[in-house]
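Colleague: I'm new to reading protein models, and I'd like to learn feature by feature. Could you walk me through this one?

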Amino acid sequence: MPYEPWQPGMRLTAGRLRSISPTWSDWVPVWTTSTGVNTPSFGNAAVIARFAQSALTVYWRMEITFGATTNFGGGGASDNWRFSLPVNAAATSLIAGYGEISDSSAGLGSRMGVRSRLTTATTMEIEMAAGRIDSAAAAGVGLIDAASPWAWASGDTIRVFGEYEAAA
């Protein structure tokens, strides 16, 4: 049963309770780019993506560990990565969550804080929001892509979580 705002005279039913009680489910994000060119693919990456919806609030988390057969797209700094949302958003948003990215070849110090942005009602992009924790300079700034903030490789990770308002 989809969410419906409470109205006078409505009865409390099991279906109504399910519609407002978050239940976590898997979702498979679609990985594209802002231009639609040089489309990446997960290959054998480990992708864990889960979401729960309570009324019009969507809670989500996504963890990706890239594999040896992952294709990063090669679009460069002008072709930002996009990931599909589990539920359409009510609007775009500059902040819909936080997380970290990590370059496995550089050790634990290469981790970097990121935030997710809803750039369309159906997709998010991930923006570098802080420097590396080892204080080393990051290559590039802004939204991540095949070339920023480093040359992505097997073992590198993206871990993000957040919440946003679903479309009514």
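Predicted model: local features only at pLDDT ≥ 70, side-chain atom pairs only at ≥ 80, totals over all residues.

Colleague: Which residues make the nonpolar surface patch, and about how many Å² is it?

Modeller: L94, I95, Y98 and F161 make the patch, and its area is about 420 Å². To join a patch, a residue needs over 30% relative accessible area.

Colleague: Where is the place of F161?

Modeller: F161 sits in strand β9, which covers residues 157–165.

Colleague: Now the aromatic rings, please. How many aromatic pairs does a search of the whole structure find?

Modeller: Two rings pair if their centres lie within 6.5 Å. The search of the whole structure finds 12 such pairs. One of them is F66 with F72, 5.0 Å centre to centre and with 75 degrees between the planes. Planes over 60 degrees apart count as edge-to-face, and that is the label for F66 and F72.

Colleague: Are F66 and F72 buried or exposed?

Modeller: The cut-off for buried is under 20%. F66 is at 2% relative accessibility, so it is buried. F72 has a relative accessible area of 14%, so it is buried too.

Colleague: How do I read the pair of W150 and W152?

Modeller: Their rings are 5.3 Å apart, centre to centre, with 50 degrees between the planes, and the pair is tilted. W150 is buried because its relative accessibility is 7%. For W152 the value is 7%, so W152 counts as buried.

Colleague: Which residues do ring pairs link into a cluster?

Modeller: The cluster holds W31, F42, F66, F72, W81, F83, W150 and W152. Both pairs we discussed have their residues in that list.

Colleague: Let's turn to the backbone. Which peptide bond is cis?

Modeller: Look at the omega angle: from S148 to P149 it is near 5 degrees, and this peptide bond is cis. You can find P149 in the loop between β8 (123–132) and β9.

Colleague: Where does A55 lie?

Modeller: A55 is in the loop between β3 and β4 (57–65). Its phi is near 55 degrees, again a positive value in a residue that is not glycine.

Notes: Residues numbered from 1 in each chain as written. Heavy atoms only, no water. Phe/Tyr/Trp six-rings, centres within 6.5 Å; stacked < 30°, edge-to-face > 60°. Buried < 20%, exposed > 50% of the residue type's maximum accessible area, 1.4 Å probe, protein only. Patch = residues over 30% accessible without salt bridge, like charges linked within 9 Å, V, L, I, M, F, W, Y side chains within 5 Å. Areas by Shrake-Rupley, 256 points an atom, 1.4 Å probe, with all protein chains shown as cover. Salt bridge = Lys/Arg side-chain N within 4 Å of Asp/Glu carboxyl O. Helix = DSSP H or I, 4+ residues; strand = E, 2+ residues; numbered from the N terminus.
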